[in-house]
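Please read the following briefing alongside the sequence and the coordinates. It goes from the overall fold to individual residues and their surroundings.

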Amino acid sequence: SACAESFRCTLSLMPAAREVAALERQIFDFLGYQWAPILANFLHIMAVILGIFGTMQYRSRYLILYALWLVLWVGWNSFIICFYLEVGHLSQDRDFLMTFNTSLHRSWWMENGPGCLVTPVLNSNLAPDDHHVITVSGCLLDYQYIEVVSSALQVFLALFGFVYACYVSKVLLDDEDSFDFIGGFDSYSYHPPQKTSHLQLQPLYTPG
């Protein structure tokens with residue numbers, strides 16, 4: 001019905017909102033050379049596109065795959081939260097998990113957070129080759145908390161998206177089960193040919 005079509009079109013905008021949030025996350029991770037989050041964000045963007053396609057084309061299997069990915073996405077963002085809060089044995093000073101141990105780059109928000117004042121330290125022997133030492137002060141909100149808030153938002157959107165994907169896929173499966181062709185299935189069922197009579201026609205003679 002027209003009401004159902006309008007409802008599905010409204011639901012299709014929800015993955016689009018998550019697509020915008022994922023692209024925003026990807027931009028800032030690119031600026032910080034955070035290779036592990038960049039890879040995860042790319043997979044997430046592909047999964048969101050799959051979810052949008054599944055909604056628009058009424059493909060319940062795609063939505064189920066999207067829901068399964070969201071479970072992994074929640075786990076990944078929970079790990080990021082623990083990483084920046086240094087839960088357990090995780091340490092930002094020792095572990096370069098976000099860059100696959102290929103560089104010393106940190107979160108883009110470390111130097112570009114709200115109110116942050118970056119001061120280079122000249123003639124420092126603490127930095128490796130091709131790097132420099134800086135001091136950051138005056139930040140209204142430390143970079144790790146910005147990353148935590150960003151990941152927490154992704155977790156919230158993923159949980160909401162999981163409920164959305166499960167609900168829409170159930171609606172689509174119910175529609176597939178209740179779908180009936182015009183005229184019913186009987187009109188397309190196989191009808192065996194009628195048996196011909198074994199009685200042979202006899203000529204009829206009439207007086208003329």
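This is a predicted model: local features need pLDDT of at least 70, side-chain atom pairs count only at pLDDT 80 or more; totals for chains, interfaces and linings use all residues.

Residues are numbered from 1 along each chain as its sequence is written, and side-chain values use heavy atoms, with hydrogens and water left out. The protein has 5 helices and 2 strands, where helices (H or I, at least four residues) and strands (E, at least two) are DSSP runs numbered from the N terminus.

**Overall fold and surface**

- Along the sequence, the elements of the protein follow the pattern α-α-α-α-β-β-α.
- Of the 208 residues in the protein, 33% are buried, with buried meaning under 20% relative accessible area, exposed over 50% and partly exposed in between (1.4 Å probe, protein chains only).
- The accessible surface of the protein is about 14,200 Å², and 67% of this surface belongs to carbon and sulfur atoms; such areas come from the Shrake-Rupley method with a 1.4 Å probe, and for residues only the protein chains shown count as cover.
- Among contacts between residues at least 6 apart in sequence, 62% join residues at least 24 apart, a contact being heavy atoms within 4.5 Å.

**Annotated spans**

- An unreviewed UniProt entry lists residues 35-56, 63-87 and 152-173 under "transmembrane region"; the positions are given in the numbering used here, feature names are shortened, and annotations may be inferred rather than shown by experiment.
- In the model, residues 63-87 are 88% helix and 0% strand, with the end C-alpha atoms 33 Å apart.
- Residues 152-173 are 100% helix and 0% strand, and their end C-alpha atoms lie 32 Å apart.

**A nonpolar surface patch**

- L39, F42, L43, M46 and I49 form a nonpolar patch on the surface, with about 450 Å² of accessible area together.
- Patches are made of residues with over 30% relative accessible area and no salt bridge, like charges being joined within 9 Å and nonpolar side chains (Val, Leu, Ile, Met, Phe, Trp, Tyr) within 5 Å.

**Aromatic pairs and a cluster**

- The model has 9 aromatic pairs, counted where rings of Phe, Tyr and Trp (its six-membered ring) have centres within 6.5 Å; planes under 30 degrees apart count as stacked, over 60 as edge-to-face and the rest as tilted.
- F28 and W108 form a tilted pair, at 5.2 Å centre to centre and with 40 degrees between the planes.
- Because F28 lies in helix α1 (residues 2-31) and W108 in the loop between α3 (60-84) and α4 (109-112), the pair ties together parts that are 80 residues apart in sequence.
- Both residues of the pair are partly exposed, F28 at 22% relative accessibility and W108 at 24%.
- W76, F79, F83, Y84 and Y143 form one aromatic cluster.

**Surroundings of Y84**

- Y84 is placed in helix α3 and counts as buried, at 6% relative accessibility.
- Leaving out residues up to four places away in sequence, Y84 touches Q34, Q92, M98, S107, Y143, Q144, E147 and V148.
- Y84 and I146 are 62 residues apart along the chain, and their C-alpha atoms are separated by 9.6 Å.

**The salt bridge**

- A search of the whole structure finds 1 salt bridge, defined as a side-chain nitrogen of Lys or Arg within 4 Å of a carboxyl oxygen of Asp or Glu.
- D29 forms a salt bridge with R25, the closest N and O atoms being 3.7 Å apart.
- D29 and R25 both lie in helix α1, 4 residues apart, which is about one turn of the helix.
- D29 is buried, with a relative accessible area of 4%, and R25 is likewise buried, at 4% relative accessibility.

**Two loop residues**

- E86, in the loop between α3 and α4, has a phi near 55 degrees, a positive value in a residue other than glycine.
- Most residues other than glycine have a negative phi.
- E86 is partly exposed, with a relative accessible area of 36%.
- G138 is found in the loop between β2 (133-137) and α5 (143-178) and is exposed, with a relative accessible area of 57%.
- Leaving aside neighbours within four places in sequence, G138 is in contact with P114, G115 and C116; G138 and C116 are 22 residues apart in sequence and 5.1 Å apart in space, C-alpha to C-alpha.
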